[in-house]
Amino acid sequence: MSALRRPRGRIVLAGFGVLAVLAAQACGTESRSGEPARKELYRTVTQALDTVIRSGFPGAQVVIDGPGGHHVLTAGAGDLGTGAPIPDNARVRIGSNTKTFVATVVLQLAGEGKVELDAPIERYLPGVVRGNGNDGNRVTVRQLLQHTSGLPDYLAGGRPEPTPVPGFPQLKADADGIRWGHYEPADLVRIAMSMPPRFEPGARSVYTNTNYIVLGMLIEKVSGRPAAAEIGSRILEPLGLRDTYFPDARETGIRGPHSRGYQETDGKRIDFTDLDPSWADTAGAMVATPADLNRFFTALLAGKLLPVALLDEMKQTVPWDRGEPGSGYGLGLIHHPVSCGKQVWGHGGSIPGFGTRNGVASDGTAVVVTVNQLATDDAGSDAVSKLFDAVICDRATAEPLDSYHHQTLTWKSCDAPGLDDMGAQCADVTVPLNYAEPQGRTITVAISRIPATDPARRRGVILSNPGGPGGAGLDYFVDTSKAMTPEVRARYDLIGMDPRGVGRSSAVNCHWPHGFGLQFAGIDAAGFAESVADQADLAARCATAEGDRLPHFTTRNTARDMDVIRTVLGETKISYVGTSYGTYLGAVYMQMFPERSDRMVLDGSVDPDRYGAVGMVQDMGSPNEAALDTWAAWTAQRDGEYHLGTTGAAVRGLVERLIEHAAAQPIRIGDYDLDAHSLPLALYIAFDSPHGYGLAAQQIRELADAAAGKPIRPDEDLAGKLAIILRAQPRDMSPQMAILCGDVGAPRDPDWYRRNIEASRVTQPVFGAMANNITPCAFWAPPAESPTAIGNSVPNLIGQATGDTRTNYGGALAMHRALTGSRMVTLQDVAIHSILGRYPNSCVYDAVNTYLADGTLPAADLTCRDD
């Protein structure tokens, strides 16, 4: 049994029972409410989902958009082979929802005077609708749109079932030969014309796929372009439906994240995910995400695609053969009756492997229900209908976050010199501790706002995150804004944020005796055993200090907080600049809220598949070892100043001997004692920028003198590092571990880490013992939610230095591959972690500022050189 999670979270019901568990973000204060828990409000919907799975469907997903935000609820399996759930933002074959896209284009052409709805189809396609009593002179465009044409269906299964002439058999959609065959629209119409009409044109409405194949041919004839191209330019591009497409000729797979689709044939369940959908063409071949479907139908019904008069015609319905009582079919649009009396318009689609039921209610709530197998009996069909009804009519799905979205912020001085000097103000935003129970405890997230310098040209807001995780970001733009041009500064309010659990927000505080959860394992088995005991103690301290709050400090909940902030600030979309871990947060936001993501900049990018306290940290070992060699060579060239060795090898050797010395006897410097667990951390901290090489050399000189017994006081910078490393002053880094461990689980066997450490010592003699060491996550409770699978086409810009020691270049390439709408700007041969505001480079800065100013990404990936 897994968790019920939301908004724009996901409800995964991997058994049949339902349990509500979800995570939120942290900020200033915390309160309790006497209102019912969110799991009670969702009881009707979750029971309906449970019934769908019990009715024999492998998996089901509900996607809701509207006044209450974006929510994804998922049950069962998206892949029976692995047991994985249907992914967030999964692409599905939308079947007959394609008809509404086609109908919209036909009505647009009518509005342009290129098509008359009551003209015979013969006028536009002479000789196409002809044979065996079918006559295009007697069938109008309107009748094709409304299924009142009387034309026979080229697909088998219609009622009444016509009999084709010999040699022209109707197609059976789940037949293997049809699945892999390729058909042109004219082939499909010829099959239909081999049969007599079902009834006189206009006599009644019988759902017939042939009608929409003919309408696709009409679009091509009138426009001079294929229907798919017209749908793209008239609908997909204007609405930004980046995850909706018409498959290419002979394309059998589904692009992007998707579940498997299944079909029961002769009592056997077959994986029917891949097929050539040419037999469906303009009657049902398109692919989309449910979120895109919601955007399309919402825009259509809001009058964004058709004039009011034509939309009214589209909504003039007639009774039809497949409708429920009270249902009506318009011009490619269905009126769905629901139990609560709301007016709901939409369509729906069925194609082997996938079924969708969707609509937009009068209150603005848009819903798509998807199953990954077609119903095999009436009980299955009824279960899907009841689920759709439950979601539309459950008030909780529309309004759980209303009180948060409509809160009034109290802006005040930030009481921080850098921010105050820039005219910033700060406020606390109230958010749920647990988004699964929004009526429960609340916390606050601290934000700052540096206003746009030209309010008349203001475009929106740029949110931000400085990395960590666990980095305070209220003052992030004090320095980063220096990388922005006046044009960008004129157009955006710059929003800093201390994420939940951090800084001035409701903070995690585990009261650790020392600062970091990441530490070096030492040089031998005894050192590793000390590390294991210490990490277990840190985890136990967090469990004791934070209790049941701890599972809710996660990246997914920070993304949800960002979306609450977006709404409170009155913005339809946010732009974003994120550094280091902030790139992962930005990618998660894009994955969870693609339609609300505007101009997104990721600076120093994490590998989304390696994110966490294991893979991501392991990936730091090699680049830090390389940076040590680079620094050692730099320092050797300045031996007259630092006296650490005349060759790189000599300098490295001195560092390794210092670590061995600290393992045998801690090095006393000032009031601090450094052992082999803590000494290398001071060096690690210095290696995120070449600008720190001189300071690192100076501090290693201080440590070498201290190891030799000299009475040394550490310089101010080193003293600050040692205070946090050894004494958790001014605060520990437990928020970092809370987020990392709350996001991704870690192996629990200490011996697994020991083996990895020993294997790394040959190639990573210094940093392998940190990169592969055990962390508190090995002793943490399992995460409340699964990690976010990153894979979307939201446009964004990735900036990355090849020598980055924190988020290595390979990780950035992985993020680039996962975000198919991204462009990448590479800063070649520079060992800097994050570029904006830290390492001025005209080439990188120009690309970022151009994108933020006017939305233009580089035409191709770009490589920049050091200025």
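Entry 1. I began with the cut-offs: buried means under 20% relative accessible area, exposed means over 50%, and partly exposed is in between. I also noted that the model is a predicted one.

Entry 2. I looked up Cys 340 and found 38% relative accessibility, so Cys 340 counts as partly exposed. I then looked up Cys 393, which has 23% and so counts as partly exposed too. These two cysteines form a disulfide, with their sulfur atoms 2.1 Å apart. The torsion about their S-S bond is about -75°, so I wrote this disulfide down as left-handed.

Entry 3. I moved on to Cys 510 and Cys 542, which are joined by a disulfide with an S to S distance of 2.1 Å. The angle about the S-S bond is 110° here, and the link of Cys 510 and Cys 542 is right-handed. Cys 510 lies in the loop between β22 and α18, while Cys 542 lies in helix α18, so the pair ties together parts 32 residues apart in sequence. Are these cysteines buried or exposed? Cys 510 has a relative accessible area of 2%, so I put Cys 510 down as buried. Cys 542 is buried as well, because its relative accessible area is 0%.

Entry 4. Next I checked Cys 741 and Cys 777, where a disulfide has its sulfurs 2.0 Å apart. I read -85° about the S-S bond, and the link is left-handed. The pair links distant parts of the chain, 36 residues apart: Cys 741 is in helix α28, and Cys 777 is in the loop between α30 and β27. Both cysteines are buried.

Entry 5. How many disulfides are there by this rule? I counted five. With the bonded cysteines numbered in sequence order, I wrote the pairing as 1-2, 3-4, 5-6, 7-8, 9-10.

Entry 6. Last I looked up His 335, which is found in strand β13, residues 334–336. His 335 has a relative accessible area of 15%, so I noted this residue as buried. Its side chain makes a polar contact of 3.0 Å with the side chain of Gln 343. Leaving aside neighbours within four places in sequence, I listed the contacts of His 335 as Thr 317, Gly 326, Ser 327, Gly 328, Gln 343, Val 344 and Trp 345.

Notes
Residues are numbered from 1 along each chain as its sequence is written. This is a predicted model: local features need pLDDT of at least 70, side-chain atom pairs count only at pLDDT 80 or more; totals for chains, interfaces and linings use all residues. Side-chain values use heavy atoms; hydrogens and water are left out. Helices (H or I, at least four residues) and strands (E, at least two) are DSSP runs, numbered from the N terminus. Buried means under 20% relative accessible area, exposed over 50%, partly exposed in between (1.4 Å probe, protein chains only). A polar contact is a pair of N or O atoms within 3.5 Å; within protein, one must be able to donate a hydrogen and the other to accept it, and residues adjacent in sequence count only if both atoms are side-chain atoms. Contact means heavy atoms within 4.5 Å. A disulfide is a pair of cysteine sulfur atoms within 2.5 Å.
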